[in-house]
Amino acid sequence: MDLGLTGKVAIVGGGSDGLGLAIVDRLLQEGAFVAFFARRAEKVAATAEKLAGEYGPEKVLGLAADCSDAADIDRVTAATVARFGPAVHVLVTNDGGPPIRRISELTDDVWLTAFERHFFYVVRSARATLPHLSAEGGSILNVVSSVVQRPAIAMAAPVAVWSAVIGYAQTLALEVGKDGVNVNTLMAGMFDTQLVDKLIARQPELSKDRLGSKVPMGRIGEPHEFADIVATLVSPNSRFITGLVAPVDGGSAVGTGFESPIASA
């Protein structure tokens with residue numbers, strides 16, 4: 001099915017690897033022009049070169065930028081408009097996550113940094129991009145963690161920050177709907193990315209199979225599966241969907257993949 005993204009302009013955060021890269025690649029497959037950014041300049045350059053080789057240098061713009069820096073966010077938007085024209089049709093906010101620490105270890109500085117990097121990033125990106133989105137209508141999609149639905153020990157910062165993003169996004173959806181802009185949020189579960197590799201490196205007793213065994217679908221997700229949902233939601237075909245907050249987690253938000261001991265008793 002044609003998603004109607006050919007010739008559209010998109011900005012994607014955290015686009016040099018993981019779910020962000022999968023989203024960039026999927027939008028390029030659909031014929032969009034895509035600007036993406038991440039903090040590490042060398043990785044951004046290497047990713048941009050690879051994607052340019054696959055889709056054409058005129059389709060891709062890679063930028064080194066820090067999502068916690070307000071000036072960088074404005075620079076990304078300005079560079080996108082300078083490269084691809086005044087209209088932006090898609091904004092995908094995506095970037096790692098707040099620190100995983102017990103509440104007793106979360107100082108004021110840690111809390112402030114977490115909100116600066118992950119909440120104000122969303123606010124500033126929307127503020128910078130909305131004037132270009134509302135010209136023709138467009139879509140904002142925020143990627144957060146599914147931990148907001150199932151809090152866990154040491155996850156206070158991610159839960160608090162992502163919950164704030166969700167509240168902000170739903171309110172924004174109410175305010176900009178009349179301008180033809182929809183705002184949705186996806187809660188990502190466990191996907192086969194570098195983050196999972198790092199988790200397993202820190203905890204050798206884990207494995208992808210073991211992590212997947214806790215998911216009702218029996219496995220962790222592939223990044224392209226998440227990107228497929230993103231592409232659908234940001235397409236003009238989904239413009240009437242707004243204020244959505246949905247898990248993409250293989251059913252983990254519903255429950256675990258383990259059989260209850262009571263069931264076999």
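## Basis of the description

A residue is called buried when its relative accessible area is under 20%, exposed when that area is over 50%, and partly exposed in between, with a 1.4 Å probe and protein chains only. Helices (H or I, at least four residues) and strands (E, at least two) are DSSP runs, numbered from the N terminus.

The model is predicted: local features need pLDDT of at least 70, side-chain atom pairs count only at pLDDT 80 or more, and totals for chains, interfaces and linings use all residues. Residues are numbered from 1 along each chain as its sequence is written, and side-chain values use heavy atoms, with hydrogens and water left out.

## Helix α8

The buried residues of α8 are Pro 223, Phe 226, Ala 227, Val 230, Ala 231, Leu 233 and Val 234. Seen down the helix axis, these residues fall within an arc of 165 degrees and so line one face of α8; the arc is that of the directions from the axis to the C-beta atoms. They pack against α1, β4, β5, β6 and β7, where contact means heavy atoms within 4.5 Å.

The end C-alpha atoms of α8 are 17 Å apart, which agrees with the 16 Å that its 12 residues should span at 1.5 Å a residue. The expected span is 1.5 Å times one less than the number of residues in the helix.

Ile 220 is found in the loop between α7 (208-212) and α8 (223-234). With a relative accessibility of 9%, Ile 220 counts as buried. Its contacts, leaving aside neighbours within four places in sequence, are Met 190, Phe 191, Asp 192, Val 196, Lys 208, Leu 211 and Gly 212. Ile 220 and Thr 193 are 27 residues apart in sequence, and their C-alpha atoms are 9.9 Å apart in space.

Strand β2 (residues 33-38) has five of its six residues buried, so it is largely enclosed by the rest of the structure. Strand β1 (residues 9-13) runs parallel to β2 and is joined to it by five bridges; strands count as paired if DSSP finds at least two bridges between them. Within this pairing, Val 12 stands opposite Phe 36 in β2.

β2 also pairs in the parallel sense with strand β3 (residues 60-64), over five bridges, and Leu 61 in β3 is the bridge partner of Ala 35. From β2 the chain crosses through helix α2 (residues 41-55) to β3, in a right-handed β-α-β crossover. β1, helix α1 (residues 18-29) and β2 likewise make a right-handed β-α-β unit. A crossover is right-handed if, with the strands pointing away from the viewer, the path from the first strand over the helix to the second runs clockwise.

## Helix α5 and strand β5

Helix α5 (residues 156-176) has 21 residues and reaches 30 Å from its first C-alpha to its last, close to the 30 Å expected at 1.5 Å a residue. Its buried residues include Trp 162, Val 165, Ile 166, Ala 169 and Leu 172. The buried residues of α5 pack against α4 (108-133), β5 (138-145), β6 (181-188) and β7 (245-248).

Ile 140 lies in strand β5 and, at 1% relative accessibility, counts as buried. Leaving aside neighbours within four places in sequence, Ile 140 is in contact with residues including Leu 91, Leu 130, Leu 172 and Val 183. Ile 140 and Ala 10 lie 130 residues apart in sequence, with 9.7 Å between their C-alpha atoms.

His 89 is placed in the loop between α3 (70-84) and β4 (90-93) and is buried, with a relative accessible area of 8%. Beyond its neighbours within four places in sequence, His 89 is in contact with residues including Val 9, Leu 133 and Ser 139.

Ala 154 is in the loop between β5 and α5. Its phi is near 75 degrees, a positive value in a residue other than glycine. Most residues other than glycine have a negative phi.

## Aromatic pairs

A search of the whole structure finds seven aromatic pairs. Rings of Phe, Tyr and Trp (its six-membered ring) pair if their centres lie within 6.5 Å; planes under 30 degrees apart count as stacked, over 60 as edge-to-face and the rest as tilted. Phe 115 and Phe 119 form an edge-to-face pair, 6.1 Å centre to centre and with 70 degrees between the planes.

Both residues lie in helix α4, four residues apart, about one turn of the helix. Phe 115 is partly exposed, with a relative accessible area of 23%, whereas Phe 119 is buried at 15%. Trp 111, Phe 115, Phe 119, Phe 120 and Tyr 168 form one aromatic cluster.
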